[in-house]
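Have the sequence and the 3D view ready.

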Amino acid sequence: MDIFQGLLGGFSIALSGTNMLFCFLGALLGTAVGVLPGLGPAATISLLLPVVYSMSSPATSIIFLAGIFYGAMYGGSTTSILLRIPGEAASVVTCIDGFQMAKKGRAGAALAIAAIGSFVAGTVGVIGLTFVAPPLAEFALRFGAPEYFALMLIGLLLAVFLSGDSPLKGLIMLFLGILLSNVGIDPISGKERFTFGIVSLQNGFEFVTLAMGLFGLSEVFLTLESKGAAEFVTATIGRIMPTARDWAESRWAILRGSFIGFFTGVIPGGGAVVASLTSYALEKKFAKHPEEFGQGAIAGVAGPESANNAASSASFIPLLTLGIPANASIAMIFAALLVQGVTPGPFLIQEHPDLFWGVIASMYLGNVILLVLNLPLVGLWVQLLKVPFGILGPLIVMFTVVGCYSLANDMFNVYVFIAFGVIGYILRKLRFDPGPLIMAFVLAPLIENSLRQSLLLSAGSMAIFVTRPISGTLMALFAAIVAAQAYKAVRKRKDVKCADNGE
């Protein structure tokens, strides 16, 4: 289907009354989630997965969840600038210069440039998604089971190395996710795996309860624990529109951040956090006065905020074209598609063009909605920050417990939800990132299926993974990434040893 024809069809779907309503609700809820410190997009989407169960239209449900995801990127800057507390992880860097601008009475300009940069970058990301996704999906039609096996291995590997500061912790989370995904009855042999005779475990763990516990409930625990010390740096927002000098200092930062975010977002495990950190480092390097960074440089707000929004849009490319989630939030949307009976991947554009183009078109509309919501309503978001989380937290837990029980009218799901909430809380306290666990839980059954199909095709020979051109190239890339990370670890250890010896 022609791209422009498909996009026009997508707008006809996205502009329908129901889809526009859920696009608005998703953007509004995402902004609120981004504004409130603690609850991030992954936690919120996991908590809302039971709602998706009751939606009849896959397009509507994904438009809603996508709105929450990119809306949170917009909202995260507000608390970073006014409270020096990131509303969500990708806004950590914004705290540095955004907060300093607020201390100097320039909170309005910081909030405005963050919103405008987010709009420009979000739109650049969606344009890239529009034109890159269809040809990539067409290319992916050449993939067979060996190619998918190799591609998903690379996705998991990048998720481990890029999602946290410790590859070892990432690997532990990866293997824990694979272990949890294997609980239940083997779909081919019919044998029980890791059920320990418990009948309720024969069907395995529900993704929804696992994700809600690990991300949603643990996030509520952590937020309740840390709440109470935040104070506004300023009671007034001041002039909203940036000055001519602000525009001059921000325009290239916004453009660079948009492109960095787009290319980083496409890589599995890259995501908005890596994009914003990379953008900040680059802007400091390009700045005429790098000493101003950390003291309230507006480019230090414009670049990272643009990068994290472009990355959020670009992360839909591997999901919609290859069926590979790029980060934990996208893994939740991946699960939501499966719940709706839709398998993401290269056939999505052919089998469900309404969903494919409807979601992309809704993202153009969502970016406009978010610009309108963020600039004029900044005073409303400031008031939202004054609601004690001690009131919001218990309400969230109550609704999610009801949601867990309603999945199968079974208290076992509630027990699993609470258990994974406690496990998630302990993991987060020990500084383990649960992102690789979620991605491994989603991808492990697909990897196992691809491995089995490949071995059936080759009569049990592992050579099939290296003798086919595409899978062979991907396996070589996999080996190169492992070798590069090993070299990096050895080099780092050597540098530390030299530093200890005073060399």
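## Helices α2 and α16

Start with helix α2 (residues 17–35) and helix α16 (residues 353–374): their axes come within 9 Å and cross at roughly 50 degrees. Here axes are lines fitted to C-alpha atoms, for helices over the stretch in contact, with angles running from 0 to 180 degrees between N-to-C directions. Because of that angle, α2 counts as oblique to α16 (under 35 degrees is roughly parallel, over 145 roughly antiparallel, 65 to 115 roughly perpendicular, and the rest oblique). The crossing is also right-handed, which is the name used if the near helix is turned clockwise from the far one by less than a right angle.

Who touches whom? From α2 come Met20, Cys23, Phe24, Ala27, Leu28 and Thr31, and from α16 come Ser362, Leu365, Gly366, Ile369, Leu370, Leu373 and Asn374; contact means heavy atoms within 4.5 Å. Sorted by class, that makes nine nonpolar residues, four polar and no charged. (Ala, Val, Leu, Ile, Met, Phe, Trp, Tyr, Cys and Pro count as nonpolar, Asp, Glu, Lys and Arg as charged, and the others, Gly among them, as polar.)

## What you're looking at

This is a predicted model, where local features need pLDDT of at least 70 and side-chain atom pairs count only at pLDDT 80 or more, while totals for chains, interfaces and linings use all residues. Residues are numbered from 1 along each chain as its sequence is written, and side-chain values use heavy atoms, leaving out hydrogens and water.

Helices are DSSP runs (H or I, at least four residues), numbered from the N terminus.

## Helices α4 and α5

Next up, α4 packs against helix α5 (residues 94–103) at about 55 degrees, with the axes 7 Å apart. That angle is why α4 is called oblique to α5, and this crossing is right-handed.

On the α4 side, the contact uses Ser77, Ser80, Ile81 and Leu82, while α5 brings Thr94, Cys95, Gly98, Phe99 and Ala102. The tally is five nonpolar, four polar and no charged residues.

## The hole inside

α6 (107–140) gives the largest share, four residues.

Methods:
Helices (H or I, at least four residues) and strands (E, at least two) are DSSP runs, numbered from the N terminus.
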